[in-house]
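Below is a short report on one residue and one chain. View the structure first, then read on.

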Amino acid sequence: MSATWLFVIILASGVGTLLLRLLPMLWQERGMRDAWRQGARRRALDAIGPSAMIALLVVSFWSMLEPSPAAQSAAPIVAGVLGVLLGRKLLHSIAGATLAGVATYGLVLWWFA
Amino acid sequence: MNAAYRAFLRGLTDSVSIAVGYVPVAISFGLTAIHADITPMMAIVISLLVYAGASQFILVSLVASGSAPLSIVGIVLLMNLRHFFYGPALLSKFGGVPRRYPMIALAAGLTDEVFAASISKMQRQPERDREPWYLGVQLGAYASWVGGTAAGAYFGQDWLRHSPILSQSLGFVLPALFLALLLEIRQVVAVNVLVFAGLATLGALFFMPAYGAIMTGMAAGALAGARR
């Protein structure tokens with residue numbers, strides 16, 4: 001594929017992604033501001049963020065287990081989850097918990113290797 | 001130093017938690033792009049213009065496999081369709097103060113991780129500071145993603161060549177970040193929302209690709225939240 005075509009693909013993907021993020025914000029700002037703030041819609045909007053997080057988490061674990069759902073591939077994940085929980089408890093920060101989880105995951109991978 | 005600038009700097013500081021997750025994954029992306037015969041500069045351009053993690057990996061793999069340009073763009077946008085729901089949810093957190101910045105500045109960097117981190121931390125900011133704080137979070141995350149891509153594209157191969165364990169461990173960075181973010185907000189989210197969203201995602205994975213399952217999970221969680 002030529003550099004020109006690649007750039008066209010990148011540009012179109014970038015503009016499209018920006019519009020996916022921007023347009024709903026503009027629509028809400030212009031006409032639906034009050035409606036979004038009330039009742040069930042507001043609660044649904046509040047739930048989208050946490051739902052996205054858990055959905056992304058489930059998909060991530062699934063993709064790590066998918067080729068071989070054996071104990072050997074699950075053990076590092078379980079260890080990593082425990083590492084995040086422990087890191088959160090001891091370090092009280094998102095970055096610390098993330099790094100603790102990745103370090104534990106890597107250690108168990110190394111152990112099995 | 002005025003209040004907005006201070007809030008912006010606080011946002012930059014708070015973006016460190018995202019950067020910790022982004023840099024290793026962005027390095028992986030830079031490496032993946034190089035392996036797909038994309039030049040380092042073009043890999044950086046992808047991160048600068050598309051700025052949407054998972055779909056960038058797909059874009060590169062489709063380019064490498066010689067897919068048609070139109071189908072590549074279509075698949076990338078389909079994968080990013082979930083971003084459509086983030087903006088309204090985010091705006092509802094800004095409160096009733098008048099909008100300070102153009103909407104495009106608020107939308108441009110609205111990735112999964114920026115959205116998740118902002119939703120979990122924004123309530124702690126005074127309403128008038130939320131927009132500049134959020135811009136700081138966005139900019140820090142964006143810089144770490146683009147910088148990580150550049151590092152991976154130019155130097156990553158040298159770093160990871162001799163360490164397959166380190167290379168594999170990079171794959172756990174984003175799940176760890178999402179779990180850490182969930183722990184951060186667990187007290188303000190109803191359990192049924194998380195259970196419905198998680199189970200719906202898991203069930204959907206048996207029938208559809210990951211991006212479809214994510215949207216199914218989000219819809220299920222939103223329904224559970226609305227019925228609360």
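From the N terminus on, chain B runs α-α-α-α-α-α-α-α-α-α-α-α-α. That is 13 helices and 0 strands. Helices (H or I, at least four residues) and strands (E, at least two) are DSSP runs, numbered from the N terminus.

The model is predicted: local features need pLDDT of at least 70, side-chain atom pairs count only at pLDDT 80 or more, and totals for chains, interfaces and linings use all residues. Residues are numbered from 1 along each chain as its sequence is written, while chains are lettered from A and ligands numbered from 1 in the order in which they are written.

**Chain B overall**

| Property of chain B | Value |
|---|---|
| C-alpha box along the principal axes | roughly 50 × 50 × 35 Å |
| Buried residues | 54% of the 228 residues |
| Contacts with a separation of 6 or more that join residues 24 or more positions apart | 77% |

A residue is buried if 20 or more other C-beta atoms lie within 10 Å of its own, exposed if 12 or fewer, and partly exposed in between; C-beta atoms are placed from the backbone. Contact means that two such C-beta atoms lie within 7 Å.

**A:Leu91**

In chain A, A:Leu91 lies in helix H3 (residues 71-91). Why is A:Leu91 partly exposed? Because it has 15 C-beta neighbours inside 10 Å. Leaving aside neighbours within four places in sequence, A:Leu91 contacts A:Gly96, A:Ala97 and A:Ala100. A:Gly39 is 52 residues away along the chain, and its C-alpha atom is 37 Å from that of A:Leu91.
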